[in-house]
Amino acid sequence: MRIGVLGAGQLGRMLALSGYPLAKEFVFYDLSGSPSAGLGEVIIDRNHEYLKDFLSRVDRVTYEFEHLPVEVAESIAREKPVYPSPRALQVCQNREAEKTLFGSLGIPTPEWRIADSAGTLKKAAEELGCPVVAKSNTEGYDGKGQAVLRSPDEAAAAWESIGHERLIVEKFVDFQREVSIIAARGIDGELAFYPMAENVHSEGILRYSIAPAPRLNPDIREDAERYIRTLLNELDYVGVLALELFETADGLVANEMAPRVHNSGHWTMEGAFTSQFENHIRAVSGLPLGDTSPRGVSCMVNIIGEHGSIADILKLPYTHLHLYNKQERPGRKLGHVNVLADSYEELVWRARNCATFLPGTPELDCSLTRS
Ligand code: AMP
């Protein structure tokens, strides 16, 4: 089976790496002009001329990034099976549609408003009560296109700095930590849930994921599974879905979802019996899903901006290095290290040791280090 992947970045690369042992072949379709997957067949199509050619080479289609025109996904779906469906893509591209769906399914969100001018942004900030977070309604990722308003008087400057015509304005959530849940759904509706991860961000970019999330209340886990199950079934979803959540004193509040494999699930490559990448390939191929149980405890450390001392990391017996073969650039995701351990105490020590070889990596500050 030849799987067509829309997008050709590191997520596509890791999907292919997990699909080869299942005898899958991969064709990537890249609209950016700078693919980094580095394996399989890559069709670069900046002017949308070679879509038919791409489709003639594949049996089914999936994607590895969600900022792809929905019309492209829809036109593909008329010719080949596309998993997950273009509807999932459409919802995830638009924060307003996403939050509306969450609300209609009983999934709690921060209180929100829409702003289409500096004036309506100010009004939203007044109504919600500051601080609020203003985000471009479309095209945002890794904290880009966002501003925190500490007072409604900052509305004009925030509107100017974001520079989008439609914003979602959210009440700032006073969270204890950020967590995520990743799950897979097969073509026959089979479901598999990974243990949740605790995620540490810095400047909007994920730096560490710890899984299973330490000291997680079983009720919180049940809530998260219920929310993602509801979404998977509502969207008749096939593949891996990630849901990012805030854990607060009053329970979970949903932030956003991603219709694809997710950075907060990279720990599953060695830290779970079946990785998120393999389970995505299994799901879209119509195969049974694999075991999502953890092997010990894991901490994923992202390599951002510069590679650091790769040789030193390779000398550590408890690390697994994944490099994406990308050039160094500030803020760019170049790879990640999966650190494994038998206890959280050992995990913190190991992750900190690993981070000393990665310049620019913030100190690990998570629920395990705070108590
Ligand atoms: P997003 O692009 O929506 O994932 O936002 C990036 C990061 O900004 C999140 O991981 C949070 O750390 C922070 N953030 C986003 N929305 C809120 C909110 N409503 N309240 C508090 N922090 C937020």
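Ala, Val, Leu, Ile, Met, Phe, Trp, Tyr, Cys and Pro count here as nonpolar, Asp, Glu, Lys and Arg as charged, and the others, Gly among them, as polar. Welcome to a predicted model, in which local features need pLDDT of at least 70, side-chain atom pairs count only at pLDDT 80 or more, and totals for chains, interfaces and linings use all residues. Residues are numbered from 1 along each chain as its sequence is written, and side-chain values use heavy atoms, leaving out hydrogens and water.

**View 1. The shell around the ligand.** By class, this shell holds 6 nonpolar, 4 polar and 7 charged residues; a residue is near the ligand if one of its heavy atoms lies within 4 Å of it. Of the 17 residues there, K135, Q146, V173, E178 and E256 come nearest.

**View 2. Polar atoms facing the ligand.** Look for polar contacts, which are pairs of N or O atoms within 3.5 Å. A polar side-chain atom of E178 is 2.7 Å from a ligand oxygen, and one of E170 is 2.9 Å from a ligand nitrogen. The protein covers 91% of the 480 Å² of accessible area that the ligand has on its own (Shrake-Rupley method, 1.4 Å probe).

**View 3. The sheet with β8.** Here an open sheet of 4 strands runs in the order β5-β8-β6-β7, with antiparallel pairing. Strands are DSSP runs of E with at least two residues, numbered from the N terminus, and two of them pair if DSSP finds at least two bridges between them. β5 (112-115) and β7 (146-149) are at the edges with a single partner strand each, so one side of each lacks a neighbour in the sheet. Antiparallel β6 and β8 are joined by 5 bridges, and V133 has E170 in β8 as its bridge partner.

Note on methods: Polar contact = N/O pair within 3.5 Å; in protein donor to acceptor, adjacent residues only side chain to side chain.
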